[in-house]
Amino acid sequence: MSASAPDPSVLGIETSCDETAAAVVGADRRILSSVVASQVDLHARFGGVVPELAGRAHLELLTPVVAEALERADALGRPPVGAVAVTCGPGLVGSLLVGLSQAKALAMAWDVPFVGVNHLEGHLFASLLDHPDLEWPLVVLLVSGGHTVLVLVEGVGRYRLLGQTLDDAAGEAFDKVARYLGLGYPGGPAVDREAVHGDPGAFSFPRALLDDGYDFSFSGLKTAVVRTVDKTPDAPTADVAASFQEAVVDVLVTKARRAMAATGAKGLCLAGGVAANSLLRRRAEEACRADGVAALVPSLAMCTDNAAMVAAAGQWRLAHDGPSPLSLGADPNLFLSFTGQSSSDH
Ligand code: KG4
Ligand code: ZN
């Protein structure tokens with residue numbers, strides 16, 4: 001690389017929840033390496049993420065994970081990358097701080113720019129990494145353990161909030177129902193696996209707000225599952241799981257489809273951990289085919305937390321807004337900033 005051309009490669013670091021991840025993304029958003037160390041086994045016996053344990057595990061895992069990401073990317077230059085990006089929120093504060101401190105230290109040691117990334121924007125960039133030739137505008141359904149939002153993306157970095165959950169996130173509903181049904185942790189994949197053997201029409205669970213706007217509500221559905229199991233303890237678990245999953249996916253796809261029709265979106269993009277759900281992926285693809293729009297369904301690796309999406313979002317933020325100050329702190333409640341009328345709410 002010549003002295004005048006800045007190195008476009010970005011090291012991304014992600015420690016907002018229970019995945020310790022590092023990745024290097026180069027020019028044209030090419031993923032040069034992506035390493036994810038999952039803490040699932042550590043938290044499984046507690047039935048959920050234990051923040052204190054997550055923070056300590058990130059401390060142990062992050063240095064070797066970063067070293068492996070640099071090695072796999074063949075990042076041998078001095079400095080090895082052109083910038084360092086890190087998730088600064090939302091997430092668990094103790095976990096976020098581990099990533100932030102490491103990212104700042106590396107940026108200072110290598111004398112390269114440092115940039116903080118919103119985890120939710122990272123999930124949106126995951127789709128860009130998988131589908132570089134997107135056409136705008138797009139409706140993005142971002143469904144994770146902490147968030148359920150329907151966003152109109154008018155272009156890179158231009159987001160309009162259409163709706164969001166009023167109570168539980170979709171992933172949270174999957175996790176809680178899985179725990180109640182004794183299916184273990186993490187709940188989403190467990191319900192997905194169990195539902196394969198069940199009858200999705202066995203129980204007619206409520207679809208809250210189905211025909212009413214773009215907001216979501218899943219807490220009534222969760223309560224309905226608990227009541228049904230209490231009343232009919234012999235009901236096959238697979239039937240309950242399949243009927244629950246059917247209700248969640250029905251609401252998600254119905255609203256996303258209505259949002260696309262209302263906004264003239266050219267496609268539907270799924271993002272976040274719940275986008276790994278097999279029924280959601282299938283139904284989203286069927287709906288898009290029927291409506292003649294593009295279905296942008298990310299690979300499984302790009303649905304769940306990873307650092308390639310953080311590096312890609314950081315690369316764009318850096319070009320667009322410049323570096324973040326080294327005084328940047330962790331914000332556990334950071335939300336996306338929206339353009340347009342909806343932005344006043346956030
Ligand atoms: O995006 P993510 O990895 O972390 C957060 O930022 O929250 O999402 C994790 C969530 C968990 O609630 C998990 O149960 C859910 O995604 N999930 C799934 C599936 N795989 C992961 N939910 C339904 N079906 C799946 N196959
Ligand atoms: Zn996430």
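Reader: Which helices each supply at least two residues of the shell around ligand 1?
Author: This is a predicted model in which local features need pLDDT of at least 70, side-chain atom pairs count only at pLDDT 80 or more and totals for chains, interfaces and linings use all residues, while side-chain values use heavy atoms, without hydrogens and water. Residues are numbered from 1 along each chain as its sequence is written, and chains are lettered from A and ligands numbered from 1 in written order. Helices (DSSP runs of H or I, at least four residues) and strands (E, at least two) are numbered from the N terminus. At least two shell residues come from each of α4 (119-130), α5 (170-180) and α6 (187-195).

Reader: Which of the 18 residues around ligand 1 come nearest?
Author: A residue belongs to these surroundings if one of its heavy atoms lies within 4 Å of the ligand. Of the 18 residues around ligand 1, the nearest are Gly-145, Asp-175, Gly-188, Asp-192 and Gly-273.

Reader: From which domains does the shell around ligand 1 draw at least three residues each?
Author: The domain bounds come from an automatic or database assignment. The shell takes at least three residues from each of domain 1 (10-125 + 303-337) and domain 2 (135-300).

Reader: How many nonpolar, polar and charged residues does the shell around ligand 1 have?
Author: Ala, Val, Leu, Ile, Met, Phe, Trp, Tyr, Cys and Pro count as nonpolar, Asp, Glu, Lys and Arg as charged, and the others, including Gly, as polar. On that basis, the shell has 4 nonpolar, 11 polar and 3 charged residues.

Reader: What distance separates a polar side-chain atom of Asp-175 from an oxygen atom of ligand 1?
Author: Polar contacts here are pairs of N or O atoms within 3.5 Å. An N or O atom in the side chain of His-119 is 3.2 Å from a ligand oxygen, and a polar side-chain atom of Asn-277 lies 3.0 Å from a ligand nitrogen. For Asp-175, the distance to a ligand oxygen is 2.7 Å.

Reader: What percentage of the area that ligand 1 exposes alone does the protein bury?
Author: Accessible areas follow the Shrake-Rupley method with a 1.4 Å probe. Taken alone, ligand 1 exposes 560 Å², and the protein buries a share of 87%.

Notes: Polar contact = N/O pair within 3.5 Å; in protein donor to acceptor, adjacent residues only side chain to side chain.
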